[in-house]
Amino acid sequence: MTEDATRDRLDALESRLAYQEDWLDTLDHALAAQDRRVAQLERTNDMLRERLRNLRQSVDDDAPTPSDEIPPHY
């Protein structure tokens, strides 16, 4: 192999390596952003579950019991 061919091959490999490093950085940033979003959605989900639990408990606490009901003939 000639020196020029070796240099061209080395340049091509360096170019591919630089492209792959850039692509890995892009993927790393996207993955980090996605991880933050998933964490935020998990917190929101936990908060909504807690609110739903509180609402159900509130409804259950306010529900009339049979002793609270007035018989139909009154």
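Is E3 buried or exposed? With a relative accessible area of 59%, E3 is exposed, where buried means under 20% relative accessible area, exposed over 50% and partly exposed in between, for a 1.4 Å probe and protein chains only. The model is a predicted one, in which local features need pLDDT of at least 70 and side-chain atom pairs count only at pLDDT 80 or more, while totals for chains, interfaces and linings use all residues. Residues are numbered from 1 along each chain as its sequence is written, and side-chain values use heavy atoms, with hydrogens and water left out.

The overall form of the chain comes next. The chain has one helix and zero strands; both are DSSP runs numbered from the N terminus, a helix being H or I over at least four residues and a strand being E over at least two. Because the radius of gyration is 32 Å, well over the 11 Å that the globule rule gives for 74 residues, the chain is more spread out than a compact globule. This radius is taken over C-alpha atoms, and the globule rule is 2.2 Å times the number of residues to the power 0.38. Along its principal axes, the C-alpha trace spans about 110 × 15 × 10 Å. A pair of residues gives a sense of this: A12 and L55 are 43 residues apart along the chain, and their C-alpha atoms are separated by 64 Å. A12 lies in helix 1 and is partly exposed at 39% relative accessibility.

What share of the 74 residues counts as buried? The computed value is 0%. The accessible surface of the chain comes to about 7400 Å², and 54% of that belongs to carbon and sulfur atoms; such areas come from the Shrake-Rupley method with a 1.4 Å probe, and for residues only the protein chains shown count as cover.

Two salt bridges are present, each defined as a side-chain nitrogen of Lys or Arg within 4 Å of a carboxyl oxygen of Asp or Glu. In one of them, R7 pairs with E3, and their closest N and O atoms are 2.7 Å apart. R7 and E3 sit four residues apart in helix 1 (residues 3–62), so about one helical turn separates them. R7 is partly exposed, at 44% relative accessibility. The side chains of E50 and R53 also meet in a salt bridge, at 2.4 Å from N to O. E50 is partly exposed at 36%, and R53 is partly exposed at 47%.

Surface patches complete the picture. They are made of residues with over 30% relative accessible area and no salt bridge, like charges being joined within 9 Å and nonpolar side chains (Val, Leu, Ile, Met, Phe, Trp, Tyr) within 5 Å. Y19, W23, L24 and L27 make up a nonpolar patch with about 470 Å² of accessible area together. Within this group, W23 belongs to helix 1 and is partly exposed, at 46%. D4, D8, D11 and E14 form a negative patch; E14 is in helix 1 and is partly exposed at 48% relative accessibility.

As for charge, the chain carries 10 positive and 18 negative side chains, and the centres of the two sets lie 1 Å apart. Lys and Arg count as positive and Asp and Glu as negative, with His and the chain ends not counted. Each charge is placed at NZ of Lys, CZ of Arg, CG of Asp or CD of Glu.
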